[in-house]
Structures are given as C-alpha cells and as structure tokens.
Amino acid sequence: MKTAADKRSREQTTSNVCEQLHGNWAREMGAKKGCEAERGWQSYAAAPVRFHPTFSPLHRDRTFMIEHLFAEFASTALMIVFGVGVHCDETLKGSKYRGSGHMFAITTWSFGISVCLFIFGGVCMNPAMALCQSIVGLVPWSSLVPYVIAEMLGGIAGACMAWFIYADDFKASEFEVDPVAIRNIFSTNPTTESYNLPRNFAIEAFDTFVFLTGILCIAANVGENTMMLGIGVGLLVWAVGMGLGGVTGFAMNQARDLGPRIAYQILPIANKTDNNWKYGLLVPGIAPFVGAIAAALFTTLVLGVTF
C-alpha cells in the first residue's frame with residue numbers, strides 16, 4: 001500500500017527532474033520571456049526522449065567517400081556492359097544483331113549512359129570528367145585519385161561481364177572473325193587510313209573538350225533534375241559520336257578505353273592480336289585530360305558558368 005509520504009516523494013523527484021530539464025532547455029534556447037517561452041518549455045517537456053548517436057566527422061567522411069566510390073565503380077561498370085556489349089552484338093558470330101552498324105552502337109552507348117545517370121545520379125564515370133569537375137570545384141581534389149581508381153576498376157569489371165555474357169559467341173568467333181575486330185570490341189582504335197598519332201591526339205582532345213563542356217553546361221542548367229541530366233548527356237553522346245567519332249572512336253574517357261583494353265589483355269580470348277598500347281596510352285589515355293582542362297577553363301572563364 002502506497003503512503004502519502006511515498007506520493008510526496010515521487011512528486012518531489014518528478015519536480016526536481018522537470019526543473020533540471022527546464023534549466024537545460026533554458027540554457028540551450030537562451031533567454032525567452034512570456035507565454036512564448038512557456039509554450040516552448042511545455043513542448044520540450046512533452047516531447048519523447050530520443051537517443052541520437054553521434055558520429056565523428058572522420059566516420060561521416062569515410063562513409064560518404066565509400067558511397068561515392070561505389071557509385072563511380074558500379075555506374076562505370078554498367079556503362080561498359082552496355083557499350084562493350086553492343087559491340088559484341090555488332091561483331092560476333094552468333095549474335096542476333098551482327099552487322100547492325102555504328103548507328104546501332106552509338107545509340108546504345110547514348111541510351112546506356114543515360115540509364116547510368118538515371119540510376120546513380122550525377123556520377124562522373126570518367127577520369128577526365130573527374131579532373132574537369134575538380135578544376136571547377138565540384139569534386140574535391142582529395143577525391144580525384146580514388147575516383148579514377150574506382151572508375152578504371154569499373155571499366156575492367158564491366159568489360160569482363162560483357163565477355164561473360166557473350167562467351168559462347170566469342171568461342172564461335174575464334175578464327176572466324178578478324179582478331180582486330182575482336183580487339184576493337186573492347187577499345188577504340190583508328191582505321192589504317194586514319195592512323196596519324198598527332199592528329200588522333202588532337203581529335204580526341206577536341207572531342208573530349210566538346211563533350212565535357214556540353215556536360216558542364218547541361219548540369220548548370222538542369223540543376224538537381226537527374227532525369228533531364230541523363231537525357232541531355234545521352235543526346236550529347238549521340239551527337240558527338242555521330243559527328244566527331246569516325247576517326248578515333250570517341251573514347252573521351254580512360255575508363256571506357258583503357259579499362260576494357262586491360263580486360264582484353266587478361267581475358268582468355270583465343271587468337272588475340274596486338275593490343276596497340278602505344279596508341280591506347282597516348283590518345284585515349286592522355287588526350288582526354290587535355291580536353292578536360294580546356295573544357296573546365298573555357299566553361300568557367302569564357303562562358304562564365306558557375307557551380
């Protein structure tokens with residue numbers, strides 16, 4: 001049986017707790033007067049107590065970085081599955097779409113990049129784009145190298161996945177399809193008539209400049225609208241590919257060329273030809289960085305685009 005003394009004790013304890021909470025609230029909220037302060041206190045006292053775990057800035061930064069690196073890896077891998085996959089379709093014996101032509105391939109690249117942006121948002125998927133965004137202040141310089149590594153690994157993984165999907169067609173194409181055509185499924189290479197390293201370098205740098213300038217301007221105009229970003233970039237890829245891609249194959253992206261080129265080097269594909277590393281390292285390897293620097297400076301200094 002509870003006594004009156006017990007009741008008074010409980011009331012006193014409750015009063016002490018409430019006074020302590022009231023004092024904490026007053027210190028947090030600052031001096032307030034009149035009914036407004038009293039109403040604020042009543043709301044504070046009535047609110048349920050919740051536990052809010054605290055995370056150190058280092059923990060938050062690591063989590064944020066891991067999420068972004070995964071997005072760069074996965075989006076680049078998916079882009080390459082679309083891109084290398086469509087070249088498998090167009091080239092390999094046994095494919096239903098063999099001989100569909102470059103219109104088919106370029107359109108698939110365009111739509112595939114749009115899909116990647118729809119899924120993953122404003123990812124780079126491109127070391128040259130990561131450099132460009134670092135210059136204009138959209139990507140921290142400390143993130144540049146991790147982004148590049150994630151994108152290159154994504155390029156390798158995506159090419160390996162495309163090879164796995166079409167493994168039977170690769171087998172059927174052994175000694176049946178030109179080895180150069182098989183190599184070109186994975187990487188960009190000029191035709192014999194177009195092979196001119198200084199000119200190829202300049203073309204690839206210019207293609208990248210147009211491509212990245214276009215992306216920055218699209219992004220500045222659409223803001224957070226990921227749907228419009230994906231559509232705009234897809235149309236841009238289609239236009240650049242159709243108008244400027246006939247000489248070098250418009251890599252404009254080290255992860256798009258060097259990643260699958262590495263995959264071709266290590267995959268168990270019979271009757272391989274030379275991987276043309278001299279061209280690969282110079283033209284799609286370095287020229288996109290030149291185009292990226294030019295695009296960043298032109299967009300900000302000449303066009304006056306701000307982010």
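1. Disulfides first. A disulfide is taken here as a pair of cysteine sulfur atoms within 2.5 Å. By this rule the count is 0 disulfides. In general, a disulfide is a covalent bond between the sulfur atoms of two cysteines. The sulfur of C132 has its closest cysteine sulfur in C124, 9.0 Å away, which is too far for a bond. C132 is buried, because its relative accessibility is 0%. C88 also counts as buried, at 0% relative accessibility. Buried means under 20% relative accessible area, exposed means over 50%, and partly exposed lies in between (1.4 Å probe, protein chains only).

2. Ground rules. This is a predicted model, in which local features need pLDDT of at least 70 and side-chain atom pairs count only at pLDDT 80 or more, while totals for chains, interfaces and linings use all residues. Residues are numbered from 1 along each chain as its sequence is written, and side-chain values use heavy atoms, with hydrogens and water left out.

3. Overall fold. The protein has 12 helices and 0 strands. Along the sequence the pattern reads α-α-α-α-α-α-α-α-α-α-α-α. Helices (H or I, at least four residues) and strands (E, at least two) are DSSP runs, numbered from the N terminus. Of the 307 residues, 41% count as buried. Among contacts with a separation of 6 or more, 75% come from residues 24 or more positions apart. A contact means heavy atoms within 4.5 Å.

4. The expected span is 1.5 Å times one less than the number of residues. Helix 12 bends by about 30 degrees at A287. A proline, P288, follows within four residues. The bend is the angle between axes fitted to the seven residues ending at a position and the seven starting there. Just after the helix, G304 takes a positive phi of about 75 degrees.

5. What covers the buried residues?

6. Helix 4. The 19 residues of helix 4 (residues 102–120) should span 27 Å, and the end C-alpha atoms are 27 Å apart, which agrees. Its buried residues are A105, I106, W109, S110, G112, I113, S114, C116 and L117. G121 follows the helix with a positive phi, near 80 degrees.

7. Aromatic pairs. The whole structure holds 6 aromatic pairs. The rings of Y195 and Y279 have centres 6.0 Å apart and planes at 40 degrees, so the pair is tilted. This pair links distant parts of the chain, 84 residues apart: Y195 is in the loop between helix 8 (179–186) and helix 9, and Y279 is in helix 12. Y195 is partly exposed at 37% relative accessibility, whereas Y279 is buried at 0%. The rings of F206 and F209 are also tilted, with centres 6.4 Å apart and planes at 35 degrees. Rings of Phe, Tyr and Trp (its six-membered ring) pair if their centres lie within 6.5 Å; planes under 30 degrees apart are stacked, over 60 edge-to-face and the rest tilted.

8. Within helix 9. F206 and F209 are 3 residues apart, so they are separated by about one helical turn. An α-helix has 3.6 residues a turn, so residues three or four places apart point the same way. F206 is partly exposed, at 44% relative accessibility.

9. Cluster and charge. F170, F186 and Y264 form one aromatic cluster. The charged end of K272 sits over the ring of Y264, 5.4 Å from its centre. The rule asks for NZ of Lys or CZ of Arg within 6 Å of the ring centre and within 35 degrees of the ring normal.

10. Positive phi outside glycine. F175 has phi near 60 degrees. F175 lies in the loop between helix 7 (167–173) and helix 8, and is exposed at 62% relative accessibility. N276 has phi near 55 degrees. N276 sits in the loop between helix 11 and helix 12. Is N276 buried or exposed? N276 is buried, at 13% relative accessibility.
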